[in-house]
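Open the structure in your viewer and switch to a cartoon view. This tour goes from one selection to the next.

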Amino acid sequence: MHELSIALGVVNVAEKEVIKAKKKTVELIELEIGSLAGVELSSLNYVWSTAVKDSVLENAELRIDYIEAKARCLECETIFEMHKTFDSCTNCNSFFKEILQGKELKVKSLVVI
């Protein structure tokens, strides 16, 4: 379960930002997680309270923006939704594509107080 290490990494980022802002705690944290990022949201939610205990995120509201994967076919230029990394183009069935979104795993914003 690597979701615990992800949550602890988010705590680390938040603690550094709180120090930089010369504040004490975080009121809201917003994450962007793509459907191809390999993060199981239910597992992340399960470990979240343990990971943030006694940290600047302990009482923070957690918001997750889930981003569906999209790609552009390099053969026919069709933009299509993906469900798995190896999905082919929905128009021409080519596997040659540029992934446009869906691999995100980042802290989008923090509200510190």
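**Start at strand β1**

Select residues 26-34, which form strand β1, and then β6: seven bridges join the two, and they run antiparallel. Keep in mind that this is a predicted model. Pick Leu31 next; its bridge partner in β6 is Val107. Now try Glu30, which has Ser109 of β6 as its bridge partner.

**The other partner**

Turn to β2, which pairs with β1 in the parallel sense, again over seven bridges. Click Gly34 and look across to β2, where Ile67 is the bridge partner. How does the chain get from β1 to β2? The path leads through α2, and this β-α-β crossover is right-handed.

**The whole sheet**

Show the three strands together. They make an open sheet in the order β2-β1-β6, with mixed pairing. Which strands stand at the edges? They are β2 (61-67) and β6 (105-112); each has a single partner strand, so one side of each is left without a neighbour in the sheet. On average, neighbouring strands here are turned by 15° against each other, direction ignored.

**The helices**

Select residues 3-21 for helix α1, which lies across β1 and β6 and runs at about 40° to β6. Then select residues 41-52. This is helix α2, which packs on the sheet and touches β1 and β2. The direction of α2 makes about 170° with that of β2.

**Back to β1**

Finish with a surface view around β1. Eight of its nine residues are buried, so β1 is largely enclosed by the rest of the structure.

Technical notes:
Residues are numbered from 1 along each chain as its sequence is written. This is a predicted model: local features need pLDDT of at least 70, side-chain atom pairs count only at pLDDT 80 or more; totals for chains, interfaces and linings use all residues. Side-chain values use heavy atoms; hydrogens and water are left out. Two strands pair if DSSP finds at least two bridges between them. Helices (H or I, at least four residues) and strands (E, at least two) are DSSP runs, numbered from the N terminus. Axes are lines fitted to C-alpha atoms, for helices over the stretch in contact, and angles run from 0 to 180 degrees between N-to-C directions. Contact means heavy atoms within 4.5 Å. Buried means under 20% relative accessible area, exposed over 50%, partly exposed in between (1.4 Å probe, protein chains only). A crossover is right-handed if, with the strands pointing away from the viewer, the path from the first strand over the helix to the second runs clockwise.
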